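Please walk through the fold of this chain, taking its sheets one after the other.

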Amino acid sequence: MIEIQNLTKRFGPVTAVANLSLVVKPGEVLGFLGPNGAGKSTTMKMVTGYLAPDEGSARICGHDIVSDTIAAQRKLGYLPEGAPAYGEMTPRQFLHFIAGVRQLSGAAAKAATERAVTGAELGSVMDQPIDTLSKGFRRRVGLAQAILHDPEVLVLDEPTDGLDPNQKHAVRGLIRGMAKNKTIVISTHLLEEVEAICTRAVIIDQGRVVVDETPAALAARSATGRLDEVFRQLTTRDTAGAAA
Amino acid sequence: MSMLGPVFAREFKSYFATPLAFVFIVIFLFAMGAFTFYLGHFYDNGVADLTVFFGYHPWLYLFLVPALAMRLWAEERRSGTMELLLTLPVPLWATVLGKFLAAWAFAGLALILTFPIWVTVNYLGNPDNGVILASYIGSFLMAGAYLSIGACISAATSNQVIAFIVSVVVCFLLTISGAPLVLDAFRGWAPLTLTEAISSFSFLTHFAAITGGVIDLRDVIFFLSLIGLFLTANMLIVDLRKSG
């Protein structure tokens, strides 16, 4: 469960996220859409406790991310933008570190790592330094890190960016498989991804929610039933309106 | 406290994942030897003690310790792992302390590897090993103080070169704060108590007191409280950066 209330973030004169409110329930896979710079990543950074909001609050399973940070972060798996990882480590060492931080040890750590490695299909590269891996594998290391402790809430910033079509398919299958009892938020530029795995589509533009409905309802807005057309209509009209 | 372990272990191992550990230790040992034997005329002094050896420690630390500390936070910021690290359920104090202790342990390892000089001096004569032990402890404490300054400055930038240069300058000023170069800038306008306070920050004075063979609690407290002060500042800087 993620409860976001009136979340606002300003960077100097620019308001990146403006008074954003959202509630995401277990079982939901929320697709977070919007043009570059719309505030998707900034929102995710605030929800996961990396950035402090200027106003408003975010709660993860009832724990406030600002006042009860550690408890909230325990419930949370997060894949930051660009899937950062310690390049000199191998996925095995890296996941061992994550397991330690997540206070998993012994058999529990081993089982959790195995599950994450299988899910992210990392088996073949476990002992290569992360720096030497392809973009797709690095993304999957980040994904394995995020799901290692089987969190109740998953926040994934562009989880399929840089993957080839087969890998995209596999990752989407993984996310769909976990969706039943988890609260999942993914940001993406790929509208087909929203149709493929999301139960709810939220488009934000200039830090505000423009649309919040099911992918099917979103597609129905256009005569052709194509999501990208709707997306273009909604976000460009808004930009033009703001500029005027 | 259990959170400290994984952070410490990862940081400590990261020194050895690249040639950094090897290069640092070789240069450290080589420089220690060169300074002691050539500049310090260790043999010509005809005295079986390590005063000359320890006398060069502050000056070597001045350049080598900031080199060790500069990557601590700047590297995390540059590579994006900062976002990962700060969204894991680890209290900030544990992250700051774990990273610092890892660097300090590494510096301690380099210091321990200077033991051949201790063997040499014991072979040549009958030095006061109590004084030598005290000096080693003092040197280790001083390295920690330099490190905490470097760590704090590293947290303020994503540029390692800037972190290095600023750290060297700050460490230099603290090292010689009892010398006229620093004090003359304050004499004449600042109250005497301030001038005296500044002069009491001199690393050289405190270190010389310990290498004299007396571990005065005040000197130990000086270095430890300096470490505490800069690590607290380190925490505040990381936390401040959160509000973007």
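A:L79 has A:L156, in strand 7 of chain A, as its bridge partner. Strand 7 (residues 153-157) and strand 6 of chain A run parallel and share four bridges. Helices (H or I, at least four residues) and strands (E, at least two) are DSSP runs, numbered from the N terminus, and two strands count as paired if DSSP finds at least two bridges between them. This is a predicted model, in which local features need pLDDT of at least 70 and side-chain atom pairs count only at pLDDT 80 or more, while totals for chains, interfaces and linings use all residues. Residues are numbered from 1 along each chain as its sequence is written, and chains are lettered from A and ligands numbered from 1 in the order in which they are written.

Two residues are in contact if their C-beta atoms, placed from the backbone, lie within 7 Å.

The other sheet to follow is an open, antiparallel one of four strands in chain A, in the order 2-1-4-5. Here strand 2 (14-24) and strand 5 (63-64) of chain A are the edge strands; each has a single partner strand, so one of its sides is left without a neighbour in the sheet. Strand 5 is joined to strand 4 (residues 55-60) of chain A by two bridges, in the antiparallel sense. The bridge partner of A:R59 is A:D64 in strand 5. Helix 1 (residues 40-47) of chain A packs on this sheet, touching strand 1 (2-11), strand 2 and strand 4, and its direction makes about 120° with that of strand 1.

In total, chain A has nine helices and 10 strands. Its C-alpha atoms fill a box of roughly 60 × 40 × 30 Å along the principal axes. Of the contacts in chain A with a separation of 6 or more, 67% are between residues 24 or more positions apart.

Conventions
Axes fitted to C-alpha atoms, helices over the stretch in contact; angles between N-to-C directions.
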